[in-house]
Protein chains: 4
Amino acid sequence: MKNRSWGGRFKGVQSKEFQKFSASIDFDSKLALYDIAQNIAYAGALAKAGLLTSSELDRLERALRGIEKEIRDGKFKYREEDEDIHMNIERRLKEKTGRLGGKIHTGRSRNDQVATDTRMYVKENTKEIIRLLKNLRKAFVRQAEKHIDGFMPAYTHLQVAQPVRIAQWFMAYHEMFARDADRFADVLKRADVLPLGSGALAGNNYGIDRKFLARQLGFKAVSQNSIDAVSDRDFALDFCHAVAVMFVHVSRLAEELVIFSSREFSSVILPEEFCTGSSIMPQKRNPDLPELLRGKAGRVNGNLVNLLTLLKGLPLAYNRDMQEDKPPLFDSCEQALASIPLVTVMVKKLKFNTPLLEKRIADGFITAVDLADYLVLKGTPFREAHHIVGSVVRECEERGIRFTDLSAEDLKKHSKLFSEDIFSFVDPKKSPDRKKGIGSTSRKAIEAQILRAKKELK
Amino acid sequence: MKNRSWGGRFKGVQSKEFQKFSASIDFDSKLALYDIAQNIAYAGALAKAGLLTSSELDRLERALRGIEKEIRDGKFKYREEDEDIHMNIERRLKEKTGRLGGKIHTGRSRNDQVATDTRMYVKENTKEIIRLLKNLRKAFVRQAEKHIDGFMPAYTHLQVAQPVRIAQWFMAYHEMFARDADRFADVLKRADVLPLGSGALAGNNYGIDRKFLARQLGFKAVSQNSIDAVSDRDFALDFCHAVAVMFVHVSRLAEELVIFSSREFSSVILPEEFCTGSSIMPQKRNPDLPELLRGKAGRVNGNLVNLLTLLKGLPLAYNRDMQEDKPPLFDSCEQALASIPLVTVMVKKLKFNTPLLEKRIADGFITAVDLADYLVLKGTPFREAHHIVGSVVRECEERGIRFTDLSAEDLKKHSKLFSEDIFSFVDPKKSPDRKKGIGSTSRKAIEAQILRAKKELK
Amino acid sequence: MKNRSWGGRFKGVQSKEFQKFSASIDFDSKLALYDIAQNIAYAGALAKAGLLTSSELDRLERALRGIEKEIRDGKFKYREEDEDIHMNIERRLKEKTGRLGGKIHTGRSRNDQVATDTRMYVKENTKEIIRLLKNLRKAFVRQAEKHIDGFMPAYTHLQVAQPVRIAQWFMAYHEMFARDADRFADVLKRADVLPLGSGALAGNNYGIDRKFLARQLGFKAVSQNSIDAVSDRDFALDFCHAVAVMFVHVSRLAEELVIFSSREFSSVILPEEFCTGSSIMPQKRNPDLPELLRGKAGRVNGNLVNLLTLLKGLPLAYNRDMQEDKPPLFDSCEQALASIPLVTVMVKKLKFNTPLLEKRIADGFITAVDLADYLVLKGTPFREAHHIVGSVVRECEERGIRFTDLSAEDLKKHSKLFSEDIFSFVDPKKSPDRKKGIGSTSRKAIEAQILRAKKELK
Amino acid sequence: MKNRSWGGRFKGVQSKEFQKFSASIDFDSKLALYDIAQNIAYAGALAKAGLLTSSELDRLERALRGIEKEIRDGKFKYREEDEDIHMNIERRLKEKTGRLGGKIHTGRSRNDQVATDTRMYVKENTKEIIRLLKNLRKAFVRQAEKHIDGFMPAYTHLQVAQPVRIAQWFMAYHEMFARDADRFADVLKRADVLPLGSGALAGNNYGIDRKFLARQLGFKAVSQNSIDAVSDRDFALDFCHAVAVMFVHVSRLAEELVIFSSREFSSVILPEEFCTGSSIMPQKRNPDLPELLRGKAGRVNGNLVNLLTLLKGLPLAYNRDMQEDKPPLFDSCEQALASIPLVTVMVKKLKFNTPLLEKRIADGFITAVDLADYLVLKGTPFREAHHIVGSVVRECEERGIRFTDLSAEDLKKHSKLFSEDIFSFVDPKKSPDRKKGIGSTSRKAIEAQILRAKKELK
């Protein structure tokens, strides 16, 4: 290993197996373009500090642009014996510029270098995720607009609870993914701090202008403590958490779609393009996309745990364990990037079986709360009204009938306050609009939700 | 179970075992005072909506204050057969006010009630944690001020890396806990949304003024979608994540203190009040506090996983599984509340063994980077300088000597650029101040860090 | 703290807050009776080694029996300042026997003591869980016997797949819990190793007869290495894993019951004693028990992660972090003990809506595989048969009819091999018995499963 | 997608993005050779059931052998549009054998097929891991033999506890990895059950001889319930758990080596081939291998959590989420396979700094227990002896001396029982052999450990 950049003091030869085991180039090559950008900015800072002449800077920059092209064209040769992306690029730089290339690492350590690249990765991908979430949120809003006059039973405990406008269901998911976007914005805020210039952990001897570097690389702030700068991976934890929470939401949507598209529910029709058949059962039409998405919740959960466990109890500052931060970080990111657009198209193409759902809300005792509310408005304490309606339900169940099959006389046996006007109260399609207040399922309240969302999404 | 508030329609009797299994009163009694406050505010909103007369409101409020007193005095009788805190308080309210008490639940569901209480819990405790973190951060800053002229080796890979001022080490931890405080501030922001008024999931029929409720209960905003309002537990996930990340920091500090207080390191002396002896070995003085704190990282990690797994794949809106959100949430909160003050006192009383540490940085090759920097400043490309210093180290190791034992002649064999002035470069106590730029370990840069922190902590 | 058993060398006073933080007595008091048994056995071993006279042994044993009674009667006073259960009992022993009590800890450390108690706890509870699982398995077998002639659609992807006998569904769960029992048997095997006699970590100076101790305490083996003996918590990990896997099974059953008891499925009727109503919706009948059980999967998953994270990277031998092994271990155990009997009663009382299920299997294309099999048996390669049946399904869907609505002529357009006998092939109640081989859903195969299970459960 | 094997009934075209998202061929190609073996065995069973003529069987087998060769030679073309490994191989088989290839899937589903392949994968790799663990265990035993007369301080709480023979430390790790091997043997036992023949979930119509298949494929047993057979992933959970526990052990070893190879400890010398230098600090020699290994504990912990979360709450039988079982399973397996050999070489080449360690045990109060034991053997109750030695330690600390610096007179002030012979008791190199009983650190007890281990490892 005599060519190893760090090898001056070593006599022995590294084991081949260990070289393979410890090399990170097979995954950190994803940082290649960030590393190029960082190198270019860093060369600029070296020149500014008087460590490079302007012609040296020029040569380095040109060489780095050349390497960038090689990377983009898929022609760059990654070598395992160069360990990681940083050493691969430095090696190539030296091939292209000779001794001059040996200057690029002045005052810099891989510790601050990799922290910088990784933050650049998180920043760019977080922005992309926020953009993708915007599209997804728009899809929910559009569907809400389309379904504002459709009705469905809403569930608690997977038992029919109350009738709602279908739009309310779509907007519930909009809210979740809006929170996700907000959470990712916080991730971005905390990732937007430049560690470069911290050296191995103590800073550097050359007066590198860190604010200049931050401006060049588009960072809002520079880190305030060199030891912390190279050992901090909070931004990766925050990112993995935001992905994990988002997939909780995805998994809940997925679960509902799997259930709703069962033959027994038949509430929604999934776009056929996201279903597959069975290798043995010719009649099957399986909701594969929602199932796969639901499964991803486990994967990103595992990634977060991986990272939390990895970092637990590590002494300051950099330790080699931290190289293992990238596989879970990259995987969570890639799952998010691949999944959100598919969720978006699935939401866009989702069809509710509205005739069936209208029939379904007419059945059963879905407006039992309204019945109780009727009594309350006539002065009965709610708890008593709840009890009275409980007996009404029981009577209906025993007789095998619905609220609407009861006569006013039947009802009066339960409470004298019932009179004929009760029947408009138990009409499930009128129930939603009786709901008042911000966020409720009345047409008016939903319109306000939609309006607000559209403003945010402009 | 005929007395169950929801029991009107049920004929059977609930199994005793199931009652015990499903009751949450043994843990959600922690929400008691939030529930009282919520009930008082809600009674106000009912009155505002014309559902209570002002004298009814008065009676309810007085009764609720009475119950509050019973709770504070430890005289309130929690009953398992009342299932949860909400029904326990409602039952007591009815004992005190008769039929009138039956009005309090008008238009409200336990679904929006528990979401509201839990958010109040998270909000209050998050504020307390931020306050505790402020004290902890102050402790780091004070120690940094005290140790600004102390030196220690900083480590990477637990191998001596470079000499730093001890203050830099303290400020590294300050930065971590400052980020934690910032993260908790985001948790607070997202928890500060009132779900009350969402009813079971559809809203309510009574025109409850939700903004009034928000003002009464000190919430900044009201939730925008009733289905989402009762099914959302993101704020609990965010809280548990913030605690988990904070304990990553705690565990890293703890690990360092365990190692630093080993006899072999002897770098720090832990306050004896946080150590214990052994039941068998009379000489032992064990760093129990840092060890226990390190172990808590597993606990809060488990709580986060618990919650993420719990919520995975739940259909909307409320499901009974969600009752299980409270044990991990409460436990993470309590671990944080109990731990931060102990970390604070431990940090305050921490003593560094400065004479030993000064000796330690004089030993070895801790200023090897400075040696390389010397050559760089004389024009050698860094990568070559690094290699040259590598050979110097090897020579020293083979001869069993240190940099300072070499003569200028010895050094010149490695590079002609070495001359006498090199010896001030390899003085480990001068090395830190040679570090330039924001965040570095020079006295000046640390003073800036401290100043900035003190401003933030005012 | 002058009374601390380990305090001889300490001068300072321990912080009250730290005392509270570090005391484990509030949870390890659960080990009290194991600790008594261990103390009695250990006193015997001390006598055997000549360190106690037989009258001393007598006095100690009588005192320990007395303490045992205090514990059983709830009269034992646990003191936080005695830290843990071991020191609480030793303190009480000294109160009762004076100086003599000071001999009990001879050659023993809390390190081997707590490892022994915890293994005793795991062993006893594992046996109890295996016993409880036996009851649960019997419940499945009994239901299978009862439902051997009932039919239901089995699902993949929550889409109707093939008709099965309901017994097959019950026996599927029997298999899972049988594997759990087997896994717990392995846990027991690995927990059944006695660490006592390992001292702090090096063994003891007194020739304590460890095999004698093992016999007295019912351990199959003694540990083979004293350092490993006090630092090993594999048995706790294995136990928590076995619980976590078991709850994966519980959660799958729970999920199916929640879905099956939705109004849309109406496949099963849950015993009312395990359902609850809603505080606001009088009509609700929620499947609370399965939901709570499903939620426990998160909890025990979190416990396992807690423990794995806790132990990661701990140096040998005992570290105080390991005190935190007990909360997750105890919690997983208690969740298992509380849940299995409830699952058992729920399974016992479960009712399938067989008339509806018979109707359901008659609907749709549930026997599509059988249709393909028909063609295969007449010589068509399966893949072609699958394709042909796919077209038949499509035709039916387009015409809005079922297989049985097609004429033989219709079918012949798809393949000439179809003739009149096809209609018995597509009879969904005949399909199961056409399935051959071990483990299949034919009556004969299920009878074999049941027979086998009953033999195992004898 | 008209060529999809399951496509007969589908009209639409699958989205390209979804195809990419849902294809598993990029990871399940690792099952290729198992799938070939399974196909060959299955063709045999089809022939035995009269569904293939012997010449058809011949042709299929030859074609499959050809495909196997293509796979081994890296010439097999995996196509994403064929979704998974099973369909890729079936497609190729049809290319080679035409219509005949369409017969291979008769009575089989991908559900039982993938369960079978995955079990074959787990079985083979588990055997390999057990083999690798055997080598690792041998390395510990050999080092123990070599170091039977070396001494080191053993630690609790990272504080010097008692002197042990270095062999005892090596054998502690032997015990851990012996338990791992035992745990993997249980994994193997539970994985060794053949699901093939279960069809989609109900069994098959053709009388496939499942015991014949088991014999052909080397399975000990066949699954007993067809629904369970296709939905069971316990074996994957058990495997991932066994890997996670093993890495807890690896991480503990790694942690100790990182600490022991710090300059402050200098207890061990890591083979240079497993260390790397720093890109900036020329003097560094970092313990990279142990650090990377320690980090893997997070990774495999995450994999287990992934799988547990994935499976939580899935209804029976197969769901597409389960496709996501393979990435964590394969990753845990690969981490184990890559890591154990490196741990083995590292252990083999590990050097203890025995002169320094001998000096270290002579220092301090490492034999304090022995001092107490001395008093106990003269009749002092242990608790008093412990207290007395505590005061001796305190006196020494105050005077800045060691036990051996005290005179007999000094000691007598603490207890009259001390006399001259005490000094042989406090000789740290004599202490270990005074430890008696199985598993202790005396030479004799260690020899017994080694003998026992060697027998097991034969």
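The following dialogue explains how chain pairs are read in this predicted model.

Q: Which conventions apply to the numbering and to the confidence of the model?

A: Residues are numbered from 1 along each chain as its sequence is written, and chains are lettered from A and ligands numbered from 1 in the order in which they are written. Local features need pLDDT of at least 70, side-chain atom pairs count only at pLDDT 80 or more, totals for chains, interfaces and linings use all residues, and side-chain values use heavy atoms, with hydrogens and water left out.

Q: What rotation superposes chain C on chain B?

A: Two copies of a chain are related by a rotation about an axis and a shift along it. Here a rotation of 180 degrees with 0.0 Å of shift along its axis places chain C on chain B, with an RMSD of 0.0 Å (least squares on the C-alpha atoms of residues with pLDDT of at least 70 in both copies). That is the relation of a two-fold axis. Of the residues of chain C, C:Gly302 comes closest to the rotation axis, its C-alpha lying at 2.0 Å.

Q: How much area do chain C and chain B bury between them?

A: The size of an interface is often given as the accessible area lost when the parts come together. Chain C and chain B bury about 5,200 Å², 61% of it on carbon and sulfur atoms (1.4 Å probe, summed over both parts). In chain C, the residues that lose the most area to chain B are C:Phe21, C:Ser279 and C:Leu292, together 14% of what that side buries. The contact (heavy atoms within 4.5 Å) takes 60 residues from each of chain C and chain B.

Q: How many salt bridges cross the interface of chain C and chain B?

A: A salt bridge is a side-chain nitrogen of Lys or Arg within 4 Å of a carboxyl oxygen of Asp or Glu. Eight are found across this interface; one of them joins C:Arg320 and B:Asp288 at 2.5 Å, N to O. Helix H11 of chain C (a DSSP run of H or I, at least four residues) gives the largest share of the side touching chain B, 16 residues.

Q: What is found between chain D and chain C?

A: The area buried between chain D and chain C is about 10,000 Å², with 53% from carbon and sulfur atoms. In this pair, 112 residues of chain D are in contact with 113 residues of chain C. There are 20 salt bridges, including that of C:Asp186 with D:Arg190 at 2.9 Å, N to O. Helix H7 of chain D, residues 166–191, supplies the largest share of the side of chain D that touches chain C, 13 residues.

Notes
Buried area is the accessible area (1.4 Å probe) that two parts lose on being put together, summed over both. Helices (H or I, at least four residues) and strands (E, at least two) are DSSP runs, numbered from the N terminus.
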